[in-house]
Amino acid sequence: MHTVHTGETPDILLQLLSPEGMRLADADLDPWVAEVTGADLAALYQDMVVVRRIDAEATALQRQGELGLWPPLLGQEAAQIGSGRALRADDFVFSSYRENAVAWCRGIAPTDILRVWRGTAQSGWDPLVYRMATPSIIIGAQTLHATGWAMGAVFDGADSVAVAYFGDGATSEGDVSEALVFAASFQAPVVFFCQNNHWAISEPVGLQTRFGIAGRAPGFGIPSLRIDGNDVLAVMAATRLALNRARTGGGPTFIEAVTYRMGPHTTADDPTRYRPAAELEEWAKKDPILRLRRLLDSLGLFTPELESETQALADATAAELRAGCIGLPDPEPLTVLANVYATPHAGVDRQRAEYAAYLASFEPTGGKV
Amino acid sequence: MSIETIRSAPATRANGSTPVPATPVPVTPVSPIEAALTDTKTLTLAKAINAGLRQSMLDDPKVVLLGEDIGALGGVFRVTIDLLAEFGPNRVVDTPLAESAIIGTAVGLAYRGYRPVCEIQFDGFIFPGFDQIVSQVARFHYRTQGALRMPITIRVPFGGGIGAAEHHSESPEAYFTHTSGLRVIAVSNPQDAYSLIRQAIASDDPVLFFEPKRRYHVAGPVTPQLGEPFESARVVAAGTDVTLIAYGALVTTATDAALAAADEGISVEVIDLRSLSPIDYAAVEASVRKTGRLVVTHEAARSGGLGGEIIAEVTERCFDYLEAAPVRVTGFDIPYPAAKLESHHLPDLDRMLDGVDRVLGRRR
């Protein structure tokens with residue numbers, strides 16, 4: 001039984017794919033990926049390569065001054081693609097700011113993901129169109145939004161599910177504990193998907209918790225799974241299992257996907273100041289893309305065609321991203337005072353009129369002085 | 001398979017007791033009535049809000065109430081009394097004791113098209129939910145360039161004068177008027193309580209709705225009409241010598257002060273702001289241009305309070321009409337004091353009259 005309800009730190013780690021690319025059996029998870037075909041595996045591989053390329057291109061754009069900041073997901077591709085590809089179109093994602101691969105799975109254009117980091121908008125997309133909320137920068141706040149959305153699904157009799165993405169650092173925030181309490185009390189169809197990437201900027205996961213993260217959830221009345229987050233099949237299986245529980249009235253599930261942030265917290269961070277190089281080397285051996293490639297290879301599915309197609313797709317996506325980023329127009333000045341309220345507000349409307357008049361006073365005079 | 005095996009939540013607690021599931025209390029449906037209020041009735045302010053909530057819930061199935069003790073108990077002030085029985089536990093939701101979650105889950109419900117009405121049990125308990133209000137609720141419409149609306153009403157019993165323990169008598173309105181994206185309402189009488197709670201719930205913007213808890217049991221006539229737009233101020237008593245601006249519980253005190261001043265031959269115009277964001281400066285300005293003298297009163301601390309903001313705005317708009325420096329009659333810049341000291345802290349009729357005297361140059 002893969003349950004965690006003792007007072008001991010959980011050490012069970014569910015896997016379907018070893019770092020060497022060997023397919024492992026797991027009676028609980030296997031049924032949820034039984035129908036995954038070779039083509040599906042190839043598609044997952046392509047997804048992961050492409051989002052890693054998006055990540056690298058965005059980092060380069062930041063270094064070249066085209067983005068103010070970028071939060072890399074390097075190393076977390078399997079955790080995000082495996083879960084993102086398990087979702088149904090009518091599910092709703094409430095994420096943190098690092099879930100760029102989940103956004104990719106939701107069909108959000110990579111250029112739209114960059115808008116907030118280039119500073120042209122506070123939200124890159126319409127959350128209601130893609131059914132993915134504006135990523136939350138306040139740590140953990142989105143877990144409550146996911147829970148409320150899921151409570152509404154119960155009220156509506158819908159079988160769609162909310163998925164809350166957050167990190168190991170967020171588990172220390174009060175909002176996350178409150179979300180677990182509410183989700184359990186109302187048996188809300190929400191999946192708490194925690195990517196334990198081991199570092200919250202410079203703080204190691206051991207500072208956030210003395211006890212394994214997955215071990216906390218049962219204390220709230222929520223069953224949990226601790227899975228290898230660099231194993232795309234285990235992630236997909238666990239997510240499907242949790243989604244199914246939610247859809248069939250089973251309530252919330254907590255997933256701890258154990259992964260590793262191979263890059264900095266953001267492009268403004270310098271992990272060499274706090275992180276031992278040996279740890280990075282250790283995790284490089286567990287790379288999520290490499291292990292799926294090894295599996296494909298062993299199945300005779302890693303063909304030259306797949307390799308070149310994937311490379312072409314990654315190149316094209318990166319080129320589109322770069323052009324799209326540089327082509328993003330600066331917002332019109334008066335939009336600074338737009339949409340503060342949904343309905344007219346005398347105070348803001350007055351300031352907008354005043355600022356419009358001020359700006360107009362600088363307009364070209366057509367040659368007249 | 002695993003669906004059962006991962007049900008790892010313990011069936012019993014450490015002491016062997018079985019956890020009580022969070023099942024809703026049994027409800028007895030009452031016979032449906034078409035409208036909460038069909039003609040003019042005398043209602044207390046608390047009952048008027050109850051009628052307004054009820055009408056809003058009848059009008060729109062997406063209106064849901066969230067809060068602590070709002071179900072079987074009907075709220076600690078009984079404002080939500082009988083609503084659980086009529087609308088059931090999916091629309092009158094007794095929540096666990098976590099204010100951030102009350103607001104945060106309301107955000108998620110708003111994502112689904114709901115119009116949540118959150119009850120914060122007492123003014124002093126709003127701060128655990130402050131981050132969700134100022135960082136999330138207030139900003140989503142702006143953040144998403146209008147794609148996402150947050151039609152959330154947050155009801156807050158506010159103000160002192162009931163001899164309560166600490167954290168039960170606060171006036172936190174200025175924190176919220178300082179936060180753009182929020183509308184802020186403070187009602188003073190049963191009619192406005194009924195009309196404005198309905199307008200607040202119908203608004204596509206988030207509204208902080210402050211209820212004067214020491215006036216909850218004051219009764220007055222209430223008609224079913226929605227009345228004037230909720231951002232408009234109301235002239236409670238017309239006057240020509242001094243403009244006295246109040247909101248919430250102090251509107252009654254200010255009106256009494258105007259009557260007392262009239263005995264001395266001073267004509268005080270009392271304005272009930274009703275809306276604290278936006279403020280109806282057209283009404284304020286019209287009054288000050290007439291009287292030339294302005295007193296603003298509130299229970300909240302003076303520094304950084306609404307009084308200073310109103311006086312600054314009036315000074316910018318009609319400085320030439322002012323006959324004297326405006327005056328603030330407010331709570332002191334102190335944490336809320338013990339019950340036996342609150343009468344010193346709260347503006348009362350005599351302090352308001354003292355303010356009127358000062359703006360008239362009759363005292364220093």
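This report describes the domains, sheets, salt bridges and one surface patch of a predicted model.

**Domains of chain A**

The domain assignment divides chain A into domain 1, covering residues 30-326, and domain 2, covering residues 332-369. The C-alpha centres of these two domains of chain A are 40 Å apart.

**A parallel sheet in chain A**

Strands of a sheet pair through backbone hydrogen bonds, in either a parallel or an antiparallel manner. In chain A, five strands make up an open sheet with parallel pairing, and their order is S1-S2-S3-S7-S6. Strand S1 (92-94) and strand S6 (224-228) of chain A form the edges, since each pairs on one side only. From one strand to the next, the twist averages 20 degrees. Within chain A, strand S3 (residues 190-196) and strand S7 (residues 253-258) run parallel and are joined by six bridges. One of the residue pairs involved is A:Phe192 with its bridge partner A:Phe254 in S7(A).

**A mixed sheet in chain B**

Chain B contains an open sheet of five strands in the order S9-S11-S10-S13-S14, with mixed pairing. Strand S9 (234-237) and strand S14 (327-331) of chain B each have a single partner strand, so one side of each lacks a neighbour in the sheet. On average, neighbouring strands of this sheet are turned by 25 degrees against each other, direction ignored. Strand S10 (residues 242-246) and strand S13 (residues 294-301) of chain B are paired in the parallel sense over three bridges. Here B:Leu244 has B:Val295 in S13(B) as its bridge partner.

**An enclosed strand in chain B**

How many residues of strand S7 (residues 207-212) of chain B are buried? Six of the six are buried, so this strand of chain B is largely enclosed by the rest of the structure. On one side of S7(B) lie the buried residues B:Val207, B:Phe209 and B:Glu211, and on the other lie B:Leu208, B:Phe210 and B:Pro212, which are also buried.

Strand S5 (residues 153-158) of chain B pairs with S7(B) in the parallel sense over six bridges, and B:Ile154 stands opposite B:Leu208. Strand S6 (residues 183-186) of chain B also runs parallel to S7(B), joined by four bridges, with B:Ala186 opposite B:Phe210.

**Salt bridges**

Side chains of opposite charge can pair when their charged atoms come close. Over all chains, the count comes to 41 salt bridges. Three of them are listed below.

| Residue pair | Closest N and O atoms |
|---|---|
| B:Glu264 and B:Arg362 | 2.9 Å |
| B:Glu313 and B:Arg317 | 2.9 Å |

B:Arg155 counts as buried because its relative accessibility is 2%, and B:Glu211 counts as buried at 0%.

B:Glu264 forms a salt bridge with B:Arg362, and these residues are 98 residues apart in the chain. B:Arg362 is partly exposed, with 45% relative accessibility.

B:Glu313 and B:Arg317 both belong to helix H11 (residues 306-318) of chain B and are four residues apart, about one turn of the helix. B:Glu313 is buried at 15% relative accessibility. Through shared partners, salt bridges join A:Arg350, A:Glu354, B:Glu285, B:Arg289, B:Glu313 and B:Arg317 into one network.

**A nonpolar surface patch**

A:Val336, A:Tyr355, A:Tyr358, A:Phe362 and B:Tyr142 form a nonpolar patch on the surface, together having about 500 Å² of accessible area. A:Tyr355 lies in helix H13 (residues 346-360) of chain A and is partly exposed, at 33% relative accessible area.

Key
Residues numbered from 1 in each chain as written. Chains lettered and ligands numbered in written order. Predicted model: local features only at pLDDT ≥ 70, side-chain atom pairs only at ≥ 80, totals over all residues. Heavy atoms only, no water. Domains from an automatic or database assignment. Pairing = 2+ DSSP bridges. Helix = DSSP H or I, 4+ residues; strand = E, 2+ residues; numbered from the N terminus. Axes fitted to C-alpha atoms, helices over the stretch in contact; angles between N-to-C directions. Patch = residues over 30% accessible without salt bridge, like charges linked within 9 Å, V, L, I, M, F, W, Y side chains within 5 Å. Areas by Shrake-Rupley, 256 points an atom, 1.4 Å probe, with all protein chains shown as cover. Salt bridge = Lys/Arg side-chain N within 4 Å of Asp/Glu carboxyl O. Buried < 20%, exposed > 50% of the residue type's maximum accessible area, 1.4 Å probe, protein only.
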